[in-house]
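Start by looking over the model.

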Amino acid sequence: MIRISGTRALEIADAVFRRIGNPAGTLAEAISHTVHHGYVEREGIRLDEVLATVLRAPRTFTREDTVEISCHGGRVVTRQVLESLLAAGARLAEPGEFTLRAFLNGRLDLTQAEAVADLIEARTSLAARAAVQQMGGRLSERLRSLREDLLNILAHVEAHIDFPGEDIAPDSRERMLARLGDARDQVEQLQRTASEGRILREGVRVAILGRPNAGKSSLLNLLLGNDRAIVSAIPGTTRDTVEECATVRGLPLVFIDTAGLRETEDPIEAEGIRRSLKAAREADLILHVLDGTQPPTTTADFLGEDLALKPTIRIRSKSDLSTVWEDPFLRDAVAVSATTAEGLETLRSTMDTRLGTQHLSADEWSVTVNARQAAALHRAEDSLTRTIRSLSHEASLDLVALDLRAALGALGEITGQVTTESLLDAIFGQFCLGK
Ligand SMILES: Nc1nc2c(ncn2[C@@H]2O[C@H](COP(=O)(O)OP(=O)(O)OP(=O)(O)O)[C@@H](O)[C@H]2O)c(=O)[nH]1
Ligand SMILES: [Mg+2]
(Lines give C-alpha, C1' and ligand atoms only; values in the text may rest on other atoms or scores of the structure.)
(Ligands and ions follow the chains in the order given, each with its own letter.)
Protein backbone atom coordinates (compact mmCIF):
# COMPACT_ATOMS: atom_id res chain seq x y z
CA MET A 1 0.00 0.00 0.00
CA ILE A 2 1.35 3.41 -0.93
CA ARG A 3 0.19 6.31 1.19
CA ILE A 4 0.29 9.95 0.10
CA SER A 5 -0.34 12.63 2.69
CA GLY A 6 -0.44 16.43 2.50
CA THR A 7 -2.29 19.29 0.88
CA ARG A 8 -1.47 18.10 -2.65
CA ALA A 9 -2.21 14.41 -2.03
CA LEU A 10 -5.42 14.29 -4.09
CA GLU A 11 -3.99 16.33 -6.95
CA ILE A 12 -0.88 14.15 -7.18
CA ALA A 13 -2.89 10.94 -7.03
CA ASP A 14 -5.16 12.24 -9.80
CA ALA A 15 -2.10 12.77 -12.01
CA VAL A 16 -1.57 9.00 -12.21
CA PHE A 17 -5.00 7.50 -11.45
CA ARG A 18 -7.69 6.70 -14.06
CA ARG A 19 -11.02 5.54 -12.72
CA ILE A 20 -12.48 2.47 -14.34
CA GLY A 21 -15.91 3.15 -15.83
CA ASN A 22 -15.56 6.90 -15.34
CA PRO A 23 -12.18 8.07 -16.71
CA ALA A 24 -13.12 11.72 -16.26
CA GLY A 25 -13.96 11.30 -12.55
CA THR A 26 -11.24 12.58 -10.23
CA LEU A 27 -10.31 11.67 -6.69
CA ALA A 28 -10.27 15.38 -5.90
CA GLU A 29 -14.05 15.46 -6.23
CA ALA A 30 -14.63 12.15 -4.45
CA ILE A 31 -16.39 12.00 -1.10
CA SER A 32 -14.11 11.38 1.91
CA HIS A 33 -13.59 7.81 3.11
CA THR A 34 -14.49 6.17 -0.19
CA VAL A 35 -12.65 3.58 -2.26
CA HIS A 36 -12.19 3.85 -6.04
CA HIS A 37 -11.26 1.22 -8.57
CA GLY A 38 -8.90 2.23 -11.38
CA TYR A 39 -5.56 2.05 -13.13
CA VAL A 40 -2.31 3.73 -12.36
CA GLU A 41 -0.95 5.02 -15.66
CA ARG A 42 2.24 6.73 -16.67
CA GLU A 43 2.63 8.29 -20.10
CA GLY A 44 -0.35 6.32 -21.32
CA ILE A 45 1.02 2.98 -20.10
CA ARG A 46 -0.96 1.01 -17.52
CA LEU A 47 1.21 0.06 -14.58
CA ASP A 48 -1.30 -1.64 -12.28
CA GLU A 49 -4.96 -2.05 -11.47
CA VAL A 50 -5.48 -0.60 -8.01
CA LEU A 51 -7.87 0.59 -5.34
CA ALA A 52 -7.48 4.19 -4.24
CA THR A 53 -8.91 5.26 -0.88
CA VAL A 54 -9.68 8.94 -0.45
CA LEU A 55 -9.43 10.29 3.10
CA ARG A 56 -9.90 13.98 3.62
CA ALA A 57 -8.48 16.06 6.46
CA PRO A 58 -8.99 16.12 9.36
CA ARG A 59 -10.35 12.58 9.84
CA THR A 60 -7.10 10.87 8.85
CA PHE A 61 -4.04 9.50 10.64
CA THR A 62 -1.92 12.55 9.78
CA ARG A 63 -4.92 14.92 9.91
CA GLU A 64 -3.96 15.86 6.34
CA ASP A 65 -5.60 14.88 3.05
CA THR A 66 -4.54 11.32 2.39
CA VAL A 67 -4.78 8.91 -0.52
CA GLU A 68 -3.91 5.25 -0.05
CA ILE A 69 -3.23 3.24 -3.18
CA SER A 70 -3.44 -0.53 -2.81
CA CYS A 71 -1.36 -2.16 -5.55
CA HIS A 72 -0.87 -5.82 -6.36
CA GLY A 73 2.26 -5.75 -4.26
CA GLY A 74 5.06 -7.10 -6.46
CA ARG A 75 8.32 -5.23 -6.06
CA VAL A 76 8.60 -3.97 -9.64
CA VAL A 77 4.99 -2.88 -9.97
CA THR A 78 4.95 -1.13 -6.59
CA ARG A 79 8.19 0.68 -7.40
CA GLN A 80 6.77 1.82 -10.74
CA VAL A 81 3.64 3.17 -9.10
CA LEU A 82 5.81 4.90 -6.50
CA GLU A 83 8.05 6.40 -9.18
CA SER A 84 5.10 7.72 -11.14
CA LEU A 85 3.83 9.45 -7.97
CA LEU A 86 7.27 10.94 -7.36
CA ALA A 87 7.35 12.19 -10.94
CA ALA A 88 3.94 13.80 -10.33
CA GLY A 89 5.33 15.84 -7.42
CA ALA A 90 5.27 13.62 -4.32
CA ARG A 91 8.41 12.98 -2.29
CA LEU A 92 9.48 9.98 -0.23
CA ALA A 93 8.61 10.15 3.45
CA GLU A 94 11.35 10.17 6.06
CA PRO A 95 11.29 7.29 8.58
CA GLY A 96 8.37 7.86 10.92
CA GLU A 97 7.25 10.99 9.08
CA PHE A 98 3.57 10.04 8.90
CA THR A 99 3.53 9.50 12.65
CA LEU A 100 5.53 12.69 13.18
CA ARG A 101 2.91 14.64 11.23
CA ALA A 102 0.16 12.98 13.24
CA PHE A 103 1.96 14.19 16.36
CA LEU A 104 2.62 17.71 15.06
CA ASN A 105 -1.02 18.03 13.97
CA GLY A 106 -2.24 17.01 17.41
CA ARG A 107 -3.64 13.61 16.44
CA LEU A 108 -1.33 11.76 18.86
CA ASP A 109 0.90 12.67 21.75
CA LEU A 110 4.45 11.37 22.04
CA THR A 111 3.61 8.36 24.20
CA GLN A 112 1.03 7.28 21.63
CA ALA A 113 3.47 7.82 18.76
CA GLU A 114 6.03 5.69 20.58
CA ALA A 115 3.34 3.05 21.05
CA VAL A 116 2.88 2.93 17.26
CA ALA A 117 6.56 1.96 16.96
CA ASP A 118 6.16 -0.55 19.80
CA LEU A 119 3.19 -2.11 18.05
CA ILE A 120 5.05 -2.48 14.77
CA GLU A 121 8.04 -4.00 16.52
CA ALA A 122 6.09 -6.13 19.00
CA ARG A 123 7.50 -9.65 19.10
CA THR A 124 4.74 -11.25 21.10
CA SER A 125 0.98 -10.92 21.35
CA LEU A 126 1.37 -9.64 24.91
CA ALA A 127 3.68 -6.83 23.78
CA ALA A 128 1.29 -5.98 20.95
CA ARG A 129 -1.68 -5.79 23.33
CA ALA A 130 0.21 -3.50 25.68
CA ALA A 131 1.21 -1.26 22.76
CA VAL A 132 -2.39 -0.98 21.56
CA GLN A 133 -3.48 0.03 25.06
CA GLN A 134 -0.81 2.71 25.17
CA MET A 135 -1.77 3.91 21.69
CA GLY A 136 -5.24 4.43 23.12
CA GLY A 137 -3.72 6.90 25.56
CA ARG A 138 -3.57 5.13 28.93
CA LEU A 139 -0.22 6.63 29.92
CA SER A 140 -1.24 10.02 28.54
CA GLU A 141 -4.35 10.01 30.73
CA ARG A 142 -2.38 9.24 33.87
CA LEU A 143 0.07 12.02 33.06
CA ARG A 144 -2.64 14.53 32.19
CA SER A 145 -4.34 14.27 35.57
CA LEU A 146 -0.96 14.45 37.27
CA ARG A 147 -0.03 17.60 35.36
CA GLU A 148 -3.39 19.21 36.05
CA ASP A 149 -2.95 18.71 39.74
CA LEU A 150 0.54 20.19 39.71
CA LEU A 151 -0.59 23.13 37.57
CA ASN A 152 -3.25 23.81 40.17
CA ILE A 153 -0.69 23.92 42.95
CA LEU A 154 1.58 26.10 40.82
CA ALA A 155 -1.25 28.58 40.26
CA HIS A 156 -1.79 28.71 44.00
CA VAL A 157 1.90 29.34 44.70
CA GLU A 158 2.15 31.97 41.99
CA ALA A 159 -0.87 33.80 43.34
CA HIS A 160 1.01 34.22 46.62
CA ILE A 161 4.10 35.42 44.79
CA ASP A 162 2.01 38.10 43.11
CA PHE A 163 0.60 39.24 46.46
CA PRO A 164 3.67 39.16 48.70
CA GLY A 165 1.80 40.48 51.72
CA GLU A 166 -0.04 37.22 52.32
CA ASP A 167 1.72 34.09 53.47
CA ILE A 168 0.35 30.67 52.63
CA ALA A 169 -1.75 29.60 55.58
CA PRO A 170 -0.23 26.62 57.45
CA ASP A 171 -3.16 24.28 56.79
CA SER A 172 -3.20 25.09 53.10
CA ARG A 173 0.57 24.49 53.02
CA GLU A 174 -0.03 21.08 54.58
CA ARG A 175 -2.63 20.23 51.96
CA MET A 176 -0.26 21.28 49.19
CA LEU A 177 2.51 19.15 50.65
CA ALA A 178 0.19 16.15 50.79
CA ARG A 179 -0.80 16.60 47.16
CA LEU A 180 2.82 17.01 46.09
CA GLY A 181 3.69 13.83 48.00
CA ASP A 182 0.90 11.96 46.20
CA ALA A 183 2.13 13.23 42.85
CA ARG A 184 5.66 12.13 43.64
CA ASP A 185 4.41 8.65 44.61
CA GLN A 186 2.61 8.35 41.31
CA VAL A 187 5.69 9.43 39.38
CA GLU A 188 7.72 6.87 41.26
CA GLN A 189 5.15 4.14 40.56
CA LEU A 190 5.20 4.87 36.85
CA GLN A 191 9.00 4.78 36.86
CA ARG A 192 8.89 1.32 38.37
CA THR A 193 7.05 -0.02 35.32
CA ALA A 194 10.16 0.62 33.22
CA SER A 195 11.67 -2.81 33.86
CA GLU A 196 8.43 -4.53 32.83
CA GLY A 197 8.30 -2.24 29.82
CA ARG A 198 11.81 -3.21 28.85
CA ILE A 199 10.97 -6.89 29.17
CA LEU A 200 7.94 -6.44 26.93
CA ARG A 201 9.80 -4.40 24.32
CA GLU A 202 13.18 -6.05 24.28
CA GLY A 203 12.63 -9.40 25.90
CA VAL A 204 14.39 -11.07 28.81
CA ARG A 205 17.99 -12.05 28.10
CA VAL A 206 18.75 -15.54 29.34
CA ALA A 207 22.38 -16.72 29.05
CA ILE A 208 23.21 -20.44 29.13
CA LEU A 209 26.58 -21.01 30.81
CA GLY A 210 28.69 -23.98 31.80
CA ARG A 211 31.72 -26.08 30.98
CA PRO A 212 32.33 -27.59 27.54
CA ASN A 213 30.09 -30.57 26.80
CA ALA A 214 27.79 -29.80 29.72
CA GLY A 215 24.80 -29.87 27.37
CA LYS A 216 24.23 -26.13 26.88
CA SER A 217 23.47 -26.26 23.17
CA SER A 218 21.22 -29.28 23.71
CA LEU A 219 19.35 -27.28 26.35
CA LEU A 220 18.98 -24.32 23.98
CA ASN A 221 17.54 -26.60 21.32
CA LEU A 222 15.19 -28.16 23.85
CA LEU A 223 13.93 -24.75 24.99
CA LEU A 224 13.45 -23.55 21.42
CA GLY A 225 11.95 -26.78 20.16
CA ASN A 226 14.29 -26.90 17.16
CA ASP A 227 17.90 -27.73 16.34
CA ARG A 228 19.22 -24.20 16.32
CA ALA A 229 22.72 -24.91 17.68
CA ILE A 230 25.21 -27.61 16.72
CA VAL A 231 25.46 -30.36 19.31
CA SER A 232 28.35 -32.80 19.40
CA ALA A 233 30.24 -35.03 21.81
CA ILE A 234 33.40 -32.98 21.15
CA PRO A 235 34.02 -30.48 23.97
CA GLY A 236 34.32 -26.92 22.61
CA THR A 237 31.72 -27.30 19.84
CA THR A 238 30.14 -23.89 20.36
CA ARG A 239 32.72 -21.20 19.65
CA ASP A 240 30.62 -18.07 19.29
CA THR A 241 27.47 -17.01 21.16
CA VAL A 242 24.23 -18.15 19.52
CA GLU A 243 21.17 -15.94 20.11
CA GLU A 244 17.58 -16.92 19.45
CA CYS A 245 14.20 -15.50 20.48
CA ALA A 246 11.36 -17.59 21.78
CA THR A 247 8.00 -16.82 23.28
CA VAL A 248 7.24 -18.44 26.60
CA ARG A 249 3.72 -17.76 27.90
CA GLY A 250 3.50 -14.58 25.83
CA LEU A 251 6.80 -13.29 27.11
CA PRO A 252 9.65 -12.61 24.71
CA LEU A 253 12.79 -14.42 25.81
CA VAL A 254 16.18 -14.15 24.16
CA PHE A 255 18.24 -17.28 24.82
CA ILE A 256 21.99 -17.02 24.40
CA ASP A 257 23.97 -20.23 24.07
CA THR A 258 27.66 -19.70 24.82
CA ALA A 259 31.05 -21.30 24.41
CA GLY A 260 31.93 -23.70 27.24
CA LEU A 261 34.07 -22.22 30.00
CA ARG A 262 37.54 -23.69 30.55
CA GLU A 263 41.21 -22.74 30.65
CA THR A 264 42.48 -22.66 27.10
CA GLU A 265 45.52 -21.77 25.02
CA ASP A 266 43.51 -21.53 21.81
CA PRO A 267 43.03 -17.81 21.01
CA ILE A 268 39.75 -18.39 19.15
CA GLU A 269 38.28 -20.40 21.99
CA ALA A 270 39.56 -17.78 24.45
CA GLU A 271 37.68 -15.09 22.52
CA GLY A 272 34.56 -17.27 22.58
CA ILE A 273 34.85 -17.60 26.36
CA ARG A 274 35.32 -13.84 26.70
CA ARG A 275 32.03 -13.46 24.81
CA SER A 276 30.34 -16.04 27.03
CA LEU A 277 31.20 -14.01 30.11
CA LYS A 278 30.12 -10.77 28.46
CA ALA A 279 26.75 -12.36 27.57
CA ALA A 280 26.44 -13.54 31.17
CA ARG A 281 27.08 -10.06 32.54
CA GLU A 282 24.47 -8.54 30.22
CA ALA A 283 21.86 -11.21 30.90
CA ASP A 284 18.78 -10.83 33.10
CA LEU A 285 18.99 -14.48 34.05
CA ILE A 286 21.72 -17.14 33.89
CA LEU A 287 21.03 -20.80 33.31
CA HIS A 288 24.08 -22.49 34.81
CA VAL A 289 24.39 -25.95 33.30
CA LEU A 290 26.13 -28.55 35.48
CA ASP A 291 26.94 -31.96 34.11
CA GLY A 292 26.68 -34.45 36.96
CA THR A 293 28.00 -37.29 34.84
CA GLN A 294 31.50 -35.78 35.03
CA PRO A 295 33.51 -34.73 38.08
CA PRO A 296 33.36 -30.97 38.78
CA THR A 297 35.92 -28.47 37.50
CA THR A 298 36.51 -25.25 39.41
CA THR A 299 36.66 -22.92 36.40
CA ALA A 300 33.21 -23.56 35.03
CA ASP A 301 31.18 -25.25 37.71
CA PHE A 302 31.56 -22.38 40.13
CA LEU A 303 30.91 -19.10 38.34
CA GLY A 304 33.13 -16.18 39.30
CA GLU A 305 32.27 -13.58 41.89
CA ASP A 306 31.15 -10.95 39.41
CA LEU A 307 28.31 -13.26 38.36
CA ALA A 308 27.39 -14.37 41.86
CA LEU A 309 24.77 -11.63 42.21
CA LYS A 310 23.00 -12.38 38.94
CA PRO A 311 19.71 -14.26 39.14
CA THR A 312 20.83 -17.79 38.35
CA ILE A 313 19.11 -21.12 37.95
CA ARG A 314 21.31 -24.18 38.38
CA ILE A 315 20.51 -27.02 36.06
CA ARG A 316 21.67 -30.60 36.36
CA SER A 317 21.85 -31.66 32.73
CA LYS A 318 21.63 -35.17 31.26
CA SER A 319 19.30 -36.25 34.07
CA ASP A 320 18.58 -39.44 32.11
CA LEU A 321 22.15 -40.57 32.88
CA SER A 322 23.49 -41.48 36.30
CA THR A 323 25.57 -38.94 38.15
CA VAL A 324 29.07 -39.36 39.56
CA TRP A 325 29.09 -35.99 41.22
CA GLU A 326 27.01 -35.92 44.38
CA ASP A 327 26.84 -32.69 46.31
CA PRO A 328 24.13 -30.42 47.72
CA PHE A 329 24.96 -27.83 45.08
CA LEU A 330 23.91 -30.25 42.41
CA ARG A 331 21.07 -31.88 44.36
CA ASP A 332 19.22 -28.53 44.54
CA ALA A 333 19.55 -28.00 40.81
CA VAL A 334 16.63 -28.43 38.38
CA ALA A 335 17.15 -31.79 36.72
CA VAL A 336 16.66 -31.63 32.97
CA SER A 337 17.26 -34.09 30.20
CA ALA A 338 17.58 -32.82 26.65
CA THR A 339 17.10 -36.36 25.45
CA THR A 340 13.77 -37.11 27.15
CA ALA A 341 12.62 -33.51 27.83
CA GLU A 342 12.21 -34.48 31.48
CA GLY A 343 12.22 -31.40 33.71
CA LEU A 344 11.44 -28.93 30.92
CA GLU A 345 8.16 -27.75 32.46
CA THR A 346 9.76 -27.44 35.91
CA LEU A 347 12.54 -25.37 34.37
CA ARG A 348 10.02 -23.09 32.64
CA SER A 349 8.06 -22.43 35.80
CA THR A 350 11.29 -21.91 37.77
CA MET A 351 12.24 -19.29 35.19
CA ASP A 352 8.87 -17.61 35.60
CA THR A 353 9.35 -17.46 39.36
CA ARG A 354 12.89 -16.16 39.18
CA LEU A 355 11.95 -13.44 36.70
CA GLY A 356 8.83 -12.53 38.68
CA THR A 357 6.86 -12.83 35.47
CA GLN A 358 4.43 -15.59 36.39
CA HIS A 359 1.47 -13.27 36.84
CA LEU A 360 1.91 -11.14 33.78
CA SER A 361 -0.96 -10.06 31.64
CA ALA A 362 -1.27 -7.24 29.16
CA ASP A 363 -3.90 -5.65 31.31
CA GLU A 364 -1.74 -5.13 34.35
CA TRP A 365 0.94 -3.94 32.03
CA SER A 366 -1.15 -1.55 30.05
CA VAL A 367 0.92 1.27 31.44
CA THR A 368 4.62 0.62 31.06
CA VAL A 369 7.15 3.30 30.38
CA ASN A 370 10.15 3.11 28.10
CA ALA A 371 13.70 4.26 28.87
CA ARG A 372 13.14 7.80 27.58
CA GLN A 373 9.97 8.21 29.61
CA ALA A 374 11.60 6.73 32.71
CA ALA A 375 14.46 9.24 32.46
CA ALA A 376 12.00 12.14 32.28
CA LEU A 377 10.02 10.70 35.21
CA HIS A 378 13.24 10.50 37.18
CA ARG A 379 13.88 14.21 36.58
CA ALA A 380 10.29 15.03 37.51
CA GLU A 381 10.67 13.08 40.74
CA ASP A 382 13.87 14.97 41.63
CA SER A 383 12.20 18.30 41.02
CA LEU A 384 9.18 17.28 43.09
CA THR A 385 11.44 16.25 45.94
CA ARG A 386 13.08 19.68 45.79
CA THR A 387 9.68 21.38 45.64
CA ILE A 388 8.52 19.51 48.71
CA ARG A 389 11.70 20.35 50.57
CA SER A 390 11.52 24.07 49.73
CA LEU A 391 7.86 24.30 50.62
CA SER A 392 8.20 22.48 53.94
CA HIS A 393 11.24 24.57 54.91
CA GLU A 394 9.32 27.72 54.07
CA ALA A 395 11.89 28.68 51.45
CA SER A 396 11.05 31.53 49.10
CA LEU A 397 7.96 30.83 47.00
CA ASP A 398 9.92 31.79 43.88
CA LEU A 399 12.11 28.78 44.51
CA VAL A 400 9.10 26.53 45.06
CA ALA A 401 7.57 27.71 41.80
CA LEU A 402 10.86 27.21 39.95
CA ASP A 403 11.17 23.55 41.04
CA LEU A 404 7.53 22.86 40.36
CA ARG A 405 7.86 24.28 36.86
CA ALA A 406 10.88 22.04 36.28
CA ALA A 407 8.80 19.01 37.32
CA LEU A 408 6.00 20.05 34.97
CA GLY A 409 8.54 20.53 32.18
CA ALA A 410 9.91 17.01 32.65
CA LEU A 411 6.38 15.52 32.62
CA GLY A 412 5.57 17.59 29.54
CA GLU A 413 8.50 16.04 27.69
CA ILE A 414 6.92 12.62 28.06
CA THR A 415 3.73 13.47 26.23
CA GLY A 416 5.40 16.03 23.97
CA GLN A 417 3.93 19.26 25.30
CA VAL A 418 7.55 20.27 25.62
CA THR A 419 9.77 19.13 22.75
CA THR A 420 13.01 19.89 21.00
CA GLU A 421 13.97 19.06 17.46
CA SER A 422 16.66 16.62 18.58
CA LEU A 423 14.15 14.79 20.78
CA LEU A 424 11.75 14.39 17.86
CA ASP A 425 14.58 13.27 15.57
CA ALA A 426 15.65 10.68 18.12
CA ILE A 427 12.14 9.28 18.48
CA PHE A 428 10.88 9.32 14.92
CA GLY A 429 14.25 8.46 13.35
CA GLN A 430 13.85 4.98 14.88
CA PHE A 431 10.64 4.28 13.00
CA CYS A 432 10.74 2.30 9.80
CA LEU A 433 10.09 3.95 6.45
CA GLY A 434 6.47 4.51 5.60
CA LYS A 435 5.16 4.59 9.18
N1 LIG B 1 22.12 -38.61 27.44
C2 LIG B 1 22.13 -37.30 27.29
N3 LIG B 1 23.10 -36.72 26.57
C4 LIG B 1 23.09 -35.38 26.42
C5 LIG B 1 22.09 -34.57 27.01
N6 LIG B 1 22.35 -33.27 26.70
C7 LIG B 1 23.46 -33.27 25.94
N8 LIG B 1 23.93 -34.54 25.77
C9 LIG B 1 25.12 -34.94 25.00
O10 LIG B 1 26.25 -34.26 25.53
C11 LIG B 1 27.13 -33.86 24.49
C12 LIG B 1 27.40 -32.38 24.53
O13 LIG B 1 26.21 -31.67 24.27
P14 LIG B 1 26.21 -30.15 23.79
O15 LIG B 1 24.82 -29.69 23.88
O16 LIG B 1 26.90 -29.98 22.50
O17 LIG B 1 27.08 -29.50 24.95
P18 LIG B 1 27.61 -27.98 25.08
O19 LIG B 1 27.54 -27.64 26.50
O20 LIG B 1 26.89 -27.10 24.13
O21 LIG B 1 29.13 -28.15 24.65
P22 LIG B 1 30.14 -27.04 24.03
O23 LIG B 1 29.43 -26.33 22.95
O24 LIG B 1 31.26 -27.87 23.57
O25 LIG B 1 30.53 -26.16 25.17
C26 LIG B 1 26.48 -34.33 23.19
O27 LIG B 1 27.04 -35.56 22.81
C28 LIG B 1 25.01 -34.49 23.57
O29 LIG B 1 24.37 -35.45 22.78
C30 LIG B 1 21.06 -35.24 27.78
O31 LIG B 1 20.17 -34.61 28.34
N32 LIG B 1 21.13 -36.58 27.89
MG1 LIG C 1 27.51 -25.92 22.63
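## The sheet

How many bridges pair E2 with strand E3 (residues 34-42), and in which sense? There are three, and the sense is antiparallel. Strands here are DSSP runs of E, at least two residues long; helices are runs of H or I, at least four; both are numbered from the N terminus. Two strands pair if DSSP finds at least two bridges between them. Arg 18 has Tyr 39 of E3 as its bridge partner.

This model is predicted: local features need pLDDT of at least 70, side-chain atom pairs count only at pLDDT 80 or more, and totals for chains, interfaces and linings use all residues. Residues are numbered from 1 along each chain as its sequence is written, while chains are lettered from A and ligands numbered from 1 in the order in which they are written.

The open sheet has five strands, ordered E1-E5-E4-E3-E2, with antiparallel pairing. Strand E1 (2-5) and strand E2 (17-19) are at the edges with a single partner strand each, so one side of each lacks a neighbour in the sheet.

## Helix H15

Helix H15 (residues 397-415) has 19 residues. Its first and last C-alpha are 27 Å apart, close to the expected 27 Å, which is 1.5 Å times one less than the number of residues.

Buried residues (20 or more other C-beta atoms within 10 Å of their own, C-beta atoms being placed from the backbone) include Leu 397, Val 400, Leu 404, Leu 408 and Leu 411. Just after H15, Gly 416 has a positive phi of about 100°.

Technical notes:
Buried ≥ 20, exposed ≤ 12 C-beta atoms within 10 Å, placed from the backbone.
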